[in-house]
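Colleague: I have not worked with this chain before. Could you take me through it step by step?

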Amino acid sequence: MRKNVVVVVSTSIAVVVVGALIRKWKQWKEQQLRRMKQIIRRFARESATPLKILWQVADDMVTSMEDSLAITDDSPSLNMVVSNATSLPLGDEEGFFYGVSLHGRNLLMLCARLGGKNKPISALQRQHISIPDAVMAGSSLEINDYIAKEIAEFVSAHPEIEDSAPAKNKKLGFTLAYPVDQAMPFSVTASEHKNANNPVRQGMVNDLNRALTNHGMKMHVASLVDETIGGLAGGRYYNRESVVAVNLGTTTNAAYVEPAEDVASDLSQSSNSREQVISMEWGNFYSGNLPSTLYDDILDAESSDPGGRPFEKLISGEFLGEVVRQILLKLAKETALFGCRVPPKLMTPYLIRSSDMAAMHQDTSEDREIVGEKLGEIFEIHNCCPMAREVVAEVCDIVAERGARLAGAGIVGIIKKLGRIKNRKSVVTVEGELYEHYRIFRNYLHSGVWEMLGKDFSDNVIIEHSHGGSGTGALFLAAAQTRAHSSDS
């Protein structure tokens, strides 16, 4: 009898203890859930881009553009490099052209036939080359020689198709996408301020042309031009109202056409031209109205250039995924989002690429299965619960919406600076993987612009994808430069 009483009492105590532990565990989980919601709500609130903020950013963009072009004593955040590409396509250029686009140390060579503004690009051929480390370790002349050799081999493998124009009268389009690898002979162009037509840059063009001649090339490069200006040339080829081009990829930039009278005379590239092509280098744009959070501050402090490229760190593909990682790390540490142990790889910076972010954000599968797959692939986080996957998708949404709407505000700012919002149609050409492959980001950009302009003026700004895809701007520049050269001859 006594044993039975002891057993009953022991069992009762065990039940009480287990019950207490369960209640404590539930309380802990509830606390973690509340803390998770607090973190996400605060981040969403601080990242918000209501109409008022968007217009403040756009107005600040206009002010910075005006200050930079006027050469005031102030130090505006925009470099506003006046391009030496003084000639944009008219739209009637026809023929077979070659172009080169340099992305870091990755060389894209391409050729195609242009048939006029009413006809699409045809016979397009592309070839990607990664410049070897051994070449990069050499001198600038050796790098130029390697590039020239690859271009000559590409041209030989893709001869001109039914084109009577002699090669010696043609120009080779050459665009640069920043950042250029510092070992490259062209890297100095990334830090030039205001005027792109200087002896240093012209010397680099001459060195490259000598290398091309040494490899039997009759075509020469007229100028080294920012890739975004190539996008502007492509837009202008098909529409005279194309006045802005934007690159939204790993990095970001914007270029536009400015009336010559609004550019300080000592910055102008040509006294005969009625318009000047401006590479804004808008990643450096700063405004006190840009929505910034604790996670952005951490990202900036840990970046290679603290305080630099504030706009780029909010809207470009290089940084969007890193902001997402910073928030997920905070949630993992403070709310055990992925379990009691913080996944070690979650502490490694820059593992989330923009393509990964797009895949997780746009996952419409049941229980966000793609999110789960990506977390396993990137961070070795396996078997996370459906709620955690929803949180990841929500964080991606907040970051993408902010970046896309701010990019849209920048576009509206440029159009406002040109005075074209109310009375003229304006075409904006956009390229880069964020715009091309991240559908939700693209939709947020469009909706932000439409919201800013309202139903009365939203039809005046037409945003379209670049013609022919990334890199083809070099072909349109080749056509424009060839026509200009022929006219001067």
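Modeller: Let me begin with a term: helices are DSSP runs of H or I with at least four residues, and they are numbered from the N terminus. Ser354 has its place in one of them, helix H10. Please keep in mind that this is a predicted model.

Colleague: Is Ser354 buried or exposed?

Modeller: Ser354 counts as buried, because its relative accessibility is 11% and the cut-off for buried is under 20%.

Colleague: Which residues does Ser354 touch, apart from its neighbours within four places in sequence?

Modeller: Ser354 is in contact with Gly317, Glu433, Leu434 and Tyr438.

Colleague: And how many residues of H10 are buried?

Modeller: H10 is mostly covered, with 6 of its 8 residues buried. Those are Ser354, Asp356, Met357, Ala358, Met360 and His361.

Colleague: What covers the buried residues of H10?

Modeller: The cover includes helix H9 (317–335), helix H11 (369–379), H12, helix H13 (433–437) and helix H14 (439–457).

Colleague: Let us take H11, then. At what angle do the axes of H10 and H11 cross?

Modeller: Their axes cross at roughly 150 degrees and come within 8 Å. That angle makes H10 roughly antiparallel to H11, since angles over 145 degrees count that way. H10 passes H11 in a left-handed crossing.

Colleague: Which residues meet there?

Modeller: From H10 there are Asp356, Ala359 and Met360, and they meet Ile370, Val371, Lys374, Leu375, Glu377 and Ile378 in H11. By type, the residues of this contact divide into 6 nonpolar, no polar and 3 charged.

Colleague: Where else does a residue other than glycine have a positive phi?

Modeller: Ala123 is one of them, with phi near 55 degrees. Ala123 lies in strand S4 (residues 122–130). With a relative accessibility of 39%, Ala123 counts as partly exposed.

Colleague: Back to the helices. How do H10 and H12 cross?

Modeller: The axes of H10 (residues 354–361) and H12 (residues 386–417) come within 9 Å, crossing at roughly 120 degrees. H10 and H12 are therefore oblique to each other. The crossing in which H10 passes H12 is left-handed.

Colleague: Which residues make up that contact?

Modeller: H10 contributes Met357, Met360 and His361, while H12 contributes Val392, Ala393, Cys396, Asp397, Val399 and Ala400. These residues divide into 7 nonpolar, 1 polar and 1 charged.

Colleague: And how does H12 pass H14: left-handed or right-handed?

Modeller: H12 passes H14 in a right-handed crossing. Their axes come within 8 Å and cross at roughly 45 degrees, and H12 and H14 are therefore oblique to each other.

Colleague: Which residues of H12 and H14 meet?

Modeller: Among them, Asp397, Ala400, Glu401 and Gly403 are in H12, and Ile440, Phe441, Tyr444 and Leu445 are in H14. The whole contact divides into 13 nonpolar, 3 polar and 4 charged residues. Asp397 and Ala400 also belong to the contact of H12 with H10.

Colleague: Which residues is Arg420 in contact with, leaving aside neighbours within four places in sequence?

Modeller: They are Glu241, Val243, Ile415, Lys425 and Ser426.

Colleague: Finally, the whole chain. How many helices and strands does it have?

Modeller: The chain has 15 helices and 12 strands. It holds 489 residues, of which 53% are buried. Its accessible surface comes to about 21,900 Å², with 52% belonging to carbon and sulfur atoms.

Colleague: And what share of the contacts joins residues at least 24 apart in sequence?

Modeller: Among contacts between residues at least 6 apart in sequence, that share is 73%.

Notes:
Residues are numbered from 1 along each chain as its sequence is written. This is a predicted model: local features need pLDDT of at least 70, side-chain atom pairs count only at pLDDT 80 or more; totals for chains, interfaces and linings use all residues. Side-chain values use heavy atoms; hydrogens and water are left out. Axes are lines fitted to C-alpha atoms, for helices over the stretch in contact, and angles run from 0 to 180 degrees between N-to-C directions. Helices (H or I, at least four residues) and strands (E, at least two) are DSSP runs, numbered from the N terminus. Angles under 35 degrees count as roughly parallel, over 145 as roughly antiparallel, 65 to 115 as roughly perpendicular and the rest as oblique. A crossing is left-handed if the near helix is turned anticlockwise from the far one by less than a right angle, and right-handed if clockwise. Contact means heavy atoms within 4.5 Å. Ala, Val, Leu, Ile, Met, Phe, Trp, Tyr, Cys and Pro count as nonpolar, Asp, Glu, Lys and Arg as charged, and the others, Gly among them, as polar. Buried means under 20% relative accessible area, exposed over 50%, partly exposed in between (1.4 Å probe, protein chains only). Accessible areas come from the Shrake-Rupley method with a 1.4 Å probe; for residues, only the protein chains shown count as cover.
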